[in-house]
Amino acid sequence: MTTDLTNLRNIGIIAHIDAGKTTVTERMLFYCGYSHRVGQVDKGTTHTDSDPEEQQRGITILSACVSFPWKDVTINLIDTPGHVDFTAEVERSLRVLDGGVVVFSAREGVEAQSETVWRQADKYHVPRLAMINKMDREGADFFETLDEIRARLDCQPIPLMLPVGAGPPHIHDAFRGLIDLIGMKMLTFAAEGEGAEISVDDIPEEMQDEAELWRSQMLDQISLYDDELTELLLSERPVPEELIHKVLRRATLHNEIVPVLCGSALDGIGIQPLLDAVAAYLPSPLDVPPVEGVDPGSKQKDAKAKRKPDVKEPFCGLVFKIQADRHGDLHYVRVYSGELKANSRVYNPGKDKKENIPQLWRIQCDRRKQVDKVTAGDIIGVIGLRHSITGDTLCDTKKPILLESITFPETVISMAIEPETSTQRKKLADVLDMLRRQDPTFRAKEDEQTGQTIISGMGELHLEVIKHRLLRDFNLDVKVHNPRVSYRETAEKAAEVVGECHRTMAGQQLSARLGVRLEPFQGGAVPVVVTADCGDALPAELLTAAMEVLSEQGQGGGLLGFPLMHVKITVTGGEVHDTESNVLAFRMAAGDAFNKALREAGIVLLEPIMHLEVTTPEENLGEIVSDLQQRRASITRTHIRGKNTVIDAAAPLANLFGYSTAMRGLTQGRATCTMEPFSYGPAPPEVLEGFL
């Protein structure tokens with residue numbers, strides 16, 4: 001690993017499913033010399049998709065980390081999934097990366113999950129490049145995709161390359177090369193050497209004018225970010241390439257522009273220029289602001305602390321992924337500052353626990369190499385942590401800092417699993433606990449009434465992958481039931497009640513009264529917000545005890561047993577008896593108040609609503625729309641994309657089970673769809689009646 005942080009790039013490859021992320025990664029590994037063959041997704045021979053489920057399905061499920069050199073820089077790269085069911089892998093990867101490469105398909109353009117991953121990158125202020133891939137496909141349109149990036153992602157894309165032709169070899173004017181708008185040369189990639197050899201030639205005369213026009217537009221756009229460049233353009237003097245690179249880098253680092261490249265990863269066209277752009281324009285750890293957190297050792301509440309990416313700073317890192325294993329979990333850690341040595345001790349301020357670091361491992365896809373020490377900027381694997389989970393901070397024991405954790409979306413779909421024998425029950429519990437550690441969007445709990453184990457996830461594919469792992473990887477003999485919807489409950493109206501405690505326990509009389517208001521509430525960062533508005537009416541110790549119970553009860557579920565959301569619980573007052581009131585009395589009063597308030601407020605059953613994007617040939621539009629309406633879908637817009645029509649809709653998840661199969665049947669397999677969690681909305685009365 002390089003010790004010069006200016007030559008280090010921590011980047012992620014992110015995109016919609018089937019845009020070609022993994023193929024782009026495979027080409028990068030081939031051209032830098034990491035691998036001696038180009039892995040193919042369709043054959044299950046890629047380096048980053050090493051899981052059997054990934055190889056079988058031809059998709060990325062688990063994010064994979066690999067380090068490799070490119071010219072003067074070292075690149076730590078994470079290849080992320082594109083399917084919405086595994087969006088948590090993208091979320092936690094972007095949380096710790098410095099830059100990103102967003103891959104778009106030149107045929108499909110900006111798709112639903114493209115927007116999702118773009119929003120995730122915006123959330124963490126990640127500078128990024130755009131790669132318009134699949135220029136060799138029939139229907140590929142570089143310029144239309146460029147317009148969609150500008151319009152749908154609300155950014156300023158700056159093309160650095162132009163494609164020469166578009167489409168497969170058998171059509172007229174097929175895709176065959178690139179025009180470099182900075183060097184004003186045509187680049188062609190020799191098919192014999194998998195595109196490793198690049199020929200640099202003059203731009204064909206018939207494309208000279210178009211290239212000049214696009215270069216002029218590029219210079220005009222980036223001149224907004226540099227006075228020297230503006231002066232050169234106004235005086236009509238030549239602009240040095242070094243200045244163009246400098247301005248592009250500065251504007252990219254400030255998220256003011258998105259440099260756009262293009263090519264075909266499958267044909268080996270355009271990947272080396274993309275690697276050059278990663279080195280030239282994406283940030284090193286030194287270009288990113290110092291990481292900020294809270295100083296848990298300070299007497300001042302919420303005192304801020306910072307760590308610079310410097311080996312001389314106190315150690316600080318974030319656990320962003322856990323790869324569960326029976327022989328010891330592998331914790332992926334991004335090191336932000338200082339250095340971390342094997343056989344050392346660190347502090348987890350979130351858990352208030354000290355952790356041993358027995359082993360450090362450099363991760364290379366499915367291979368590992370043990371190392372003795374890592375420094376700021378590294379992404380490393382740690383074996384031996386006992387208390388830390390995804391999102392936890394690790395830091396120097398003498399200089400603590402608590403970084404912001406990683407938040408994940410709520411699950412939307414569940415199914416029941418039962419072990420066939422009692423001997424399998426303990427084994428199932430251990431395996432589910434292992435999967436929970438690895439996947440923060442996976443839930444598993446036992447239904448007390450039925451004795452079934454309920455597992456929850458982000459979608460049908462997510463649960464299907466979990467089911468296959470239980471059966472194939474862990475050889476569990478389990479019975480799996482059909483998926484079901486994860487409903488939620490909220491309050492129908494506001495209710496104010498008084499909870500009481502009048503009991504005798506162990507010969508002591510307990511007495512307490514607690515005023516509570518429970519109401520619908522949309523503004524909370526958590527599903528149930530518990531607060532106090534009672535001034536000094538209650539001693540701090542009693543108020544804290546009451547609020548703890550209200551919080552526990554709020555997390556436990558509503559009248560129907562489903563988790564509560566969009567609810568605010570406020571302690572409005574209370575009465576304290578001189579001799580009969582204590583913590584236990586107020587905990588009982590709080591429990592009584594919660595149950596009374598829930599009954600008086602009434603319940604609204606909420607069902608998960610999915611955002612659905614269906615791409616269909618125009619001749620099948622009527623059948624698709626009719627089918628969606630029968631599924632209680634609300635169509636928000638339709639628009640033309642090439643020869644197809646794209647339908648954006650919102651529909652209840654309960655009505656979308658098996659939709660992909662039905663949609664393909666209506667269109668003879670020509671339509672495609674994507675869906676992602678959108679919101680929760682009130683369920684129809686007949687659904688509620690089914691639970692009463």
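Okay, housekeeping before the details. Because the model is predicted, local features need pLDDT of at least 70 and side-chain atom pairs count only at pLDDT 80 or more, while totals for chains, interfaces and linings use all residues. Residues are numbered from 1 along each chain as its sequence is written, and side-chain values use heavy atoms, with hydrogens and water left out.

Let's start with charges. How many salt bridges does a search of the whole structure find? The search gives 33, where a salt bridge is a side-chain nitrogen of Lys or Arg within 4 Å of a carboxyl oxygen of Asp or Glu.

I picked out a few of them. Arg128 pairs with Asp122, and the closest N and O atoms are 3.0 Å apart. Arg128 is buried, at a relative accessible area of 4%, whereas Asp122 is partly exposed at 37%. For those words, buried is under 20% relative accessible area, exposed is over 50%, and partly exposed is in between, with a 1.4 Å probe and protein chains only.

Next, Arg362 and Asp378 form a salt bridge, with 3.8 Å between the closest N and O atoms. This pair links distant parts of the chain, 16 residues apart: Arg362 is in strand β19 (residues 359-364), and Asp378 is in the loop between β21 (373-375) and β22 (379-383). Those labels are DSSP runs numbered from the N terminus, helices being H or I with at least four residues and strands being E with at least two. Buried or exposed, what are the two partners? Arg362 is buried, with a relative accessible area of 12%, and Asp378 is buried too, at 2%.

Then there's Glu500 with Arg513, where the closest N and O atoms are 2.3 Å apart. Here the pair links distant parts of the chain again, 13 residues apart, with Glu500 in strand β31 (residues 495-505) and Arg513 in strand β32 (residues 508-520). Glu500 is partly exposed at 32% relative accessibility, and Arg513 is partly exposed at 28%.

Now a helix pair. The axes of α7 (residues 227-234) and α8 (residues 241-253) come within 10 Å and cross at roughly 135°. The axes are lines fitted to C-alpha atoms, for helices over the stretch in contact, and the angles run from 0 to 180 degrees between N-to-C directions. That makes α7 and α8 oblique to each other; the scheme is under 35 degrees for roughly parallel, over 145 for roughly antiparallel, 65 to 115 for roughly perpendicular, and oblique for the rest. Which residues meet there? Glu228, Leu229 and Leu232 from α7 meet Leu243, Lys246 and Val247 from α8, contact being heavy atoms within 4.5 Å.

Most residues other than glycine have a negative phi. Lys71, though, has a positive phi, near 55°, and sits in the loop between β2 (64-70) and β3 (73-79). Lys71 is exposed, at 62% relative accessible area. Asp173 also has a positive phi near 55°, this time in the loop between β7 (161-164) and β8 (177-180), and Asp173 is partly exposed at 39%.

Val646 is in strand β37 (residues 644-652) and has 0% relative accessibility, so buried. Leaving out residues up to four places away in sequence, Val646 touches Glu613, Val614, Thr615, Arg637, Thr638, His639 and Arg641. From Val646 to Leu621 is 25 residues in sequence and 9.1 Å in space, C-alpha to C-alpha.

Thr375, in strand β21, is buried at 17% relative accessibility. Setting aside neighbours within four places in sequence, Thr375 is in contact with Val311, Val335, Gly338 and Glu339.
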